[in-house]
Amino acid sequence: MIKTLVLLIIITAAVNAQHLPARNADNVNTAIKAVRNFAVAQDKQLHAAGCYVISSTVAAIVYNKTNNKRRALLSGLGVSLLVGAGKEIYDIKNGDSNWDDMLANTIGATLGVVTIKIAI
């Protein structure tokens, strides 16, 4: 599970790193402002919250049915990310699709399964 989360973080960082300019004080401040704006954006909070609810619910249900912690956590994470990706695919033609939404989905899904991992 931890390896999967680290892999997701590395992939996300690699995708976003190519868009960042060289490091200096102005660019670091710009990056900090971008992270702050990302964190307080209502749309991103809704994406994270939705995936949190889905992943924690699915993980809890699967654990109650199977008593298999690993299967429960992977199922919760997988279902949540699939739903989030489906929403982004839908948004390609019907809304505003972007990678930041998938990042918020990943954060919410991860927090949801971590919560269940702590609880079980």
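Hi everyone, let me start with a definition: a helix crossing is left-handed if the near helix is turned anticlockwise from the far one by less than a right angle, and right-handed if clockwise. Here, the crossing of α3 and α4 is right-handed.

Before the details, a word on the source: this is a predicted model, where local features need pLDDT of at least 70 and side-chain atom pairs count only at pLDDT 80 or more, while totals for chains, interfaces and linings use all residues. Residues are numbered from 1 along each chain as its sequence is written, and side-chain values use heavy atoms, leaving out hydrogens and water.

Now the overall picture. The protein chain has five helices and zero strands, with helices being DSSP runs of H or I of at least four residues, and strands runs of E of at least two, numbered from the N terminus. Of its 120 residues, 25% are buried (under 20% relative accessible area, with a 1.4 Å probe and protein chains only; exposed is over 50%, partly exposed in between).

Back to our pair. Helix α3 covers residues 42–66 and helix α4 residues 69–94, and their axes come within 7 Å, crossing at roughly 145°. Those axes are lines fitted to C-alpha atoms over the stretch in contact, and angles run from 0 to 180 degrees between N-to-C directions. Contact here means heavy atoms within 4.5 Å. Among the residues involved are H47, C51 and I54 of α3, and K69, R71 and A72 of α4.

Finally, look at A39 in helix α2, residues 25–40. Is A39 buried or partly exposed? A39 is partly exposed, because its relative accessible area is 47%. In space, A39 lies 8.9 Å from A104, C-alpha to C-alpha, though the two are 65 residues apart in sequence.
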